[in-house]
Amino acid sequence: MTEPTDADGDTTGPLPAKASPPAGPRRALSAVLRDLRAVDGALYAAVAATPTPTLDRALRRLSHAADHSKISLSIAAALALGGPRPRRAALAGVGAVAVASASANLLGKRLVRRARPDREAARVTVDRHVPMPTSASFPSGHTASAVAFATAVGVVLPAAAVPLGALAGAVGYSRVHTGVHYPGDVVAGVVLGIASAATALTAVAAAEVPGGRAVGRRP
């Protein structure tokens with residue numbers, strides 16, 4: 001058996017085997033994501049299969065009321081009628097909603113493009129149905145906006161943190177209950193909402209001068 005030679009006829013020795021990039025980490029990540037998707041789908045199916053006739057109508061109405069952040073914006077309007085601190089909370093809350101909505105709809109959904117759940121295949125009862133959105137499923141924009149508002153307002157007005165947090169949690173769950181989101185979409189919405197609130201609170205703080213007076217306010 002002859003060894004390969006170069007153009008001048010010199011013996012170069014056996015050709016080295018082609019090096020392939022390590023597949024271990026990539027394969028492990030793929031396996032983890034596959035398992036997470038399986039858990040996500042199982043949780044969605046479990047919620048769909050659990051009969052809750054008493055909750056169905058209430059959660060359907062809550063999910064619909066959270067469209068376009070109507071609940072959060074209504075609360076912000078009420079806060080704006082209060083003193084300086086409630087108005088600051090309303091400003092931070094609305095700013096957080098704006099950041100969360102833009103991040104979820106203009107970035108998250110366009111980057112991930114996860115398909116919506118198959119509500120009919122999962123046999124989600126019709127009593128729970130709200131209109132199935134045409135946008136991508138990941139992340140949950142309703143959850144992101146609700147959590148962003150609750151977090152931002154709760155930081156400025158600590159007394160409002162628990163009730164608004166509970167409301168945001170109910171909105172997030174309602175999106176799974178009505179069959180339009182996987183639980184993983186809601187979890188991502190929570191993370192995005194908290195980050196959006198932090199961004200809005202930083203912007204509000206930067207708009208103030210030392211002493212708590214807003215820029216442009218007369219002493």
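## Helix 2 against helix 6

In this predicted model, helix 2 packs on helix 6 at an angle of about 110 degrees, and their axes lie 9 Å apart. Since angles of 65 to 115 degrees count as roughly perpendicular, helix 2 and helix 6 are therefore roughly perpendicular to each other.

From helix 2, the residues Leu55, Asp56, Leu59, Leu62 and Ser63 take part in the contact. They meet Leu167, Ala170, Val171, Tyr173, Ser174, Arg175 and His177 of helix 6. By class, the contact of helix 2 with helix 6 comprises seven nonpolar, three polar and two charged residues.

## Helix 3 against helix 5

Helix 3 and helix 5 have axes 10 Å apart and pack at an angle of about 25 degrees. That angle makes helix 3 roughly parallel to helix 5, because the limit for this description is under 35 degrees.

Helix 3 contributes Ser72, Ile75, Ala76 and Leu79 to the contact, while helix 5 contributes Ala146, Phe149 and Val153. Six of these residues are nonpolar, one is polar and none is charged.

## The nonpolar cores

The largest nonpolar core has 29 residues, of which Ala92, Ala96, Phe149, Ala152, Val153 and Leu164 touch the most other members. Two or more residues of this core come from each of helix 2 (53-65), helix 3 (70-80), helix 4 (84-112), helix 5 (141-156), helix 6 (161-177) and helix 7 (183-206). Helix 5 gives the most, with nine residues.

Leaving aside residues up to four places away in sequence, Phe149 touches Ser72, Ile75, Ala76, Gly93, Val94, Ala96, Val97 and Leu164.

## Helix 1

Helix 1 covers residues 24-49, 26 residues in total. From its first C-alpha to its last, helix 1 reaches 37 Å, close to the 38 Å expected at 1.5 Å a residue.

The buried residues of helix 1 are Asp40, Tyr44, Val47 and Ala48. Among the elements that cover these buried residues are helix 6 and helix 7.

Helix 7 contains Val191. Is this residue buried or exposed? Val191 has a relative accessible area of 54%; because exposed means over 50%, Val191 counts as exposed.

The C-alpha atom of Val191 is separated by 9.6 Å from that of Pro139, and the two residues are 52 residues apart along the chain.

Notes. Residues are numbered from 1 along each chain as its sequence is written. This is a predicted model: local features need pLDDT of at least 70, side-chain atom pairs count only at pLDDT 80 or more; totals for chains, interfaces and linings use all residues. Side-chain values use heavy atoms; hydrogens and water are left out. A nonpolar core is a set of buried Ala, Val, Leu, Ile, Met, Phe, Trp, Tyr and Cys residues joined through side-chain atoms within 4.5 Å. Buried means under 20% relative accessible area, exposed over 50%, partly exposed in between (1.4 Å probe, protein chains only). Helices (H or I, at least four residues) and strands (E, at least two) are DSSP runs, numbered from the N terminus. Contact means heavy atoms within 4.5 Å. The expected span of a helix is 1.5 Å times one less than its number of residues. Axes are lines fitted to C-alpha atoms, for helices over the stretch in contact, and angles run from 0 to 180 degrees between N-to-C directions. Angles under 35 degrees count as roughly parallel, over 145 as roughly antiparallel, 65 to 115 as roughly perpendicular and the rest as oblique. Ala, Val, Leu, Ile, Met, Phe, Trp, Tyr, Cys and Pro count as nonpolar, Asp, Glu, Lys and Arg as charged, and the others, Gly among them, as polar.
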